Amino acid sequence: METIDDQHYIDARETLLDSVEALGPHSDAVILVGAQAIYVQVEGEDDSIAVAQFTYDADLALDPDLLGDSPTLVDAMGRAGFLLYDQPGLYRRESGAQVDLLVPQAVGGPGRRAARLGVHGNRAAMKVHGLEGALVSHKLTKVSSLVPGADRSCLLKVAGPAALLVAKVHKIGERLQDPDLRRRDQLPKDAFDIYRLLRAIDTAEMVEEFRILQAHEISSPVTSEALSMFQRLFSTPSGMGTELVVRAVPSTEDLDFIAASSVALSQDLLEATT
């Protein structure tokens with residue numbers, strides 16, 4: 001069974017809670033995405049595979065239509081000790097704690113990387129292709145501290161599992177094309193996070209959400225792209241996604257079983273969504 005024993009991950013959850021408090025005036029616009037959202041979605045599920053949940057930062061998607069004008073995002077984060085770093089949307093504390101403020105590319109305005117957010121400026125958040133589903137499918141959820149004995153939590157919109165799977169597939173596809181090997185080092189973890197979702201979330205539930213994403217004009221294009229990539233990457237034992245899942249697992253595990261399980265779950269989802 002997995003246990004939350006990585007202090008970095010515990011600290012990342014505290015960073016998330018701090019950033020949500022800082023963005024309180026804009027809470028309606030904030031949606032949890034990324035690894036922490038996946039771990040919230042699979043929380044309480046039985047998982048006998050010895051791959052610990054871990055992440056070192058917090059990823060928050062923003063809905064520009066729901067953002068207020070005051071305080072500005074940079075000011076709100078700055079008051080909590082998070083300073084805008086050297087790229088749009090990347091905020092850090094002196095301790096190294098990091099929060100990424102992200103805007104789905106479809107609603108991020110013109111330009112290549114920086115979201116255009118009016119009074120908030122052009123560096124407050126980064127545009128990301130593949131996050132569009134988070135705007136369409138999310139649920140208000142209690143997210144709690146991982147500090148033993150702590151009584152701290154927040155209510156936060158959390159992206160749905162299908163929206164998270166779409167975003168992860170796009171992330172993997174993008175990083176497979178990236179010549180920066182440091183960015184590609186995280187690919188096994190990203191692939192295994194997809195496997196976590198496939199194991200934990202009932203296929204019928206995932207399919208219902210996919211239909212919602214496919215029917216919405218904002219999320220439909222990235223969802224179709226993701227399903228096509230997902231088929232190439234995860235639907236066969238020789239697919240790169242399947243290989244990445246296996247790479248994430250200790251050699252003490254039954255790697256053939258992991259690969260077969262990942263392929264079977266992927267095929268079930270693909271068959272049900274076509």
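Visitor: Take β5: which residues point one way from the strand, which point the other way, and are they buried or exposed?

Guide: Keep in mind that this is a predicted model. On one side of β5 you get Q98, D100, L102 and P104, while V99, L101 and V103 point the other way. Both sets are buried. That makes seven of seven residues in the strand, which spans 98-104, so β5 is largely enclosed by the rest of the structure.

Now for the strands it pairs with. β2 (residues 57-62) runs parallel to β5, with five bridges between them; Q98 of β5 is the bridge partner of D57. β6 (residues 126-128) is also parallel to β5 and is joined to it by three bridges, and here L102 partners with M126.

L101 is among the residues with the most contacts inside the largest nonpolar core, a set of 83 residues; the others are L73, L165, I172 and F230. Helix α5 (residues 161-176) gives the most to this core, nine residues, and both domain 1 (6-159) and domain 2 (161-273) supply at least three each. If you want to follow F230 from there, its contacts beyond four places in sequence include L165, V169, I194 and L198.

Notes: Residues are numbered from 1 along each chain as its sequence is written. This is a predicted model: local features need pLDDT of at least 70, side-chain atom pairs count only at pLDDT 80 or more; totals for chains, interfaces and linings use all residues. Side-chain values use heavy atoms; hydrogens and water are left out. A nonpolar core is a set of buried Ala, Val, Leu, Ile, Met, Phe, Trp, Tyr and Cys residues joined through side-chain atoms within 4.5 Å. Buried means under 20% relative accessible area, exposed over 50%, partly exposed in between (1.4 Å probe, protein chains only). Helices (H or I, at least four residues) and strands (E, at least two) are DSSP runs, numbered from the N terminus. Domain bounds come from an automatic or database domain assignment. Contact means heavy atoms within 4.5 Å. Two strands pair if DSSP finds at least two bridges between them.
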